[in-house]
Each structure stands twice: as structure tokens, then as C-alpha cells.
Amino acid sequence: NGLRDEIKIIASGKASTSFDIIKLISIGADVVNAARAFMLSLGCIQARECNKNTCPVGIATQNKQLVKGLNPNEKKVRVYNYHFAVIHEVKEVMAAMGVDSTTKLKPEYINVRLDKSSITTYKDLFKTNLY
């Protein structure tokens, strides 16, 4: 529809590894949201209590007793280390691909196995020109 230059695409949904980020950018995302991965690096145990104000690790609560379980000085190091490692891995994988910018990632650079003996690229899989 000719809107690609006027919109930004934000991809999310279990994006937690360097490959997830590269894959999503390759198929057209401008930004990748890795919320779950960051929550896990913060110490989330996925207790599914976020909406009840009873998060047992103190992340998603305003309860003063439960918040005591969240040590920001310790957790900020874990979050930083996760972020640093993922970005470092993205750079390493892109370098191995011979790509020096995320803007140069294309769907034809990503292979996907269809079955035991068939491999195709994302470009061929989607049969569309994303760029």
C-alpha cells in the first residue's frame, strides 16, 4: 500500500536471543521488543501474579513486603549483562553474515528447515518482496 516509509514495525513475542532479533529485523521489523527476556533477567519467575499485586519476587507489585525481594543493585547488573550479551551476539552473528548494519539484513539471509531434507530462505518462504 506504499506506507512502509511512513510507519514503523515493532516486533515482539518471545524474542529473547540474538537470532530472534536478527530474524525479526530481517523480515521487516524496525524495532524488536524483548520484554519477556528482560523480565526473566530481572528475576521474574512467571508466577502469573502481575495483575494481582502479589508478585512473589517483588517485580510487579506495590506491596512493600514483596518489594523487599527485589534488590535493584543486584538486579541492574543482571539486566545490564543480559542486554550487553545479546547486543554483542547480534553484532557477532551479523559479522559472520558479512553484514555491518541491521538495515542491511534481508529475508534471503535467513534459512529455515522445512523438513529433514528441505531448506529455504525466509524470502522464498514468504514469497513476497518486503523491501
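A pocket is taken here as an open set of grid points with protein on both sides within 12 Å along at least five of seven lines, and its lining residues are those having an atom within 4 Å of a point. In this predicted model, the largest pocket so defined is lined by 15 residues, and those lying nearest its centre are Ile21, His83, Val86, Ile87 and Val90. The volume of the largest pocket is about 220 Å³. Helix H1 (18-26), strand E2 (31-33) and helix H4 each supply at least two residues of this lining, and the largest share, 7 residues, comes from H4. By residue class, the lining of the largest pocket divides into 11 nonpolar, 2 polar and 2 charged residues.

Helix H4 (residues 72-97) also packs against helix H2 (residues 35-42), the axes of the two coming within 8 Å and crossing at roughly 140°. Because an angle over 145 degrees would be required for the pair to count as roughly antiparallel, H2 is instead described as oblique to H4. The crossing in which H2 passes H4 is right-handed. On the H2 side, the contact is made by Ala37, Phe38, Leu40, Ser41 and Leu42, which meet Lys75, Arg78, Val79, Tyr82 and His83 of H4. The residues of this contact of H2 with H4 comprise 6 nonpolar, 2 polar and 2 charged. His83, a member of the H4 side of this contact, is also among the residues nearest the centre of the largest pocket.

Terms used. Residues are numbered from 1 along each chain as its sequence is written. This is a predicted model: local features need pLDDT of at least 70, side-chain atom pairs count only at pLDDT 80 or more; totals for chains, interfaces and linings use all residues. Side-chain values use heavy atoms; hydrogens and water are left out. Axes are lines fitted to C-alpha atoms, for helices over the stretch in contact, and angles run from 0 to 180 degrees between N-to-C directions. Helices (H or I, at least four residues) and strands (E, at least two) are DSSP runs, numbered from the N terminus. Angles under 35 degrees count as roughly parallel, over 145 as roughly antiparallel, 65 to 115 as roughly perpendicular and the rest as oblique. A crossing is left-handed if the near helix is turned anticlockwise from the far one by less than a right angle, and right-handed if clockwise. Contact means heavy atoms within 4.5 Å. Ala, Val, Leu, Ile, Met, Phe, Trp, Tyr, Cys and Pro count as nonpolar, Asp, Glu, Lys and Arg as charged, and the others, Gly among them, as polar. On a 1 Å grid over the protein atoms alone, a cavity is a set of points where a 1.4 Å probe fits but cannot get out, and a pocket is an open set with protein on both sides within 12 Å along at least five of seven lines; lining residues have an atom within 4 Å of a point. Grid points are joined across faces, edges and corners, and a volume is the space filled by probe spheres set on the points.
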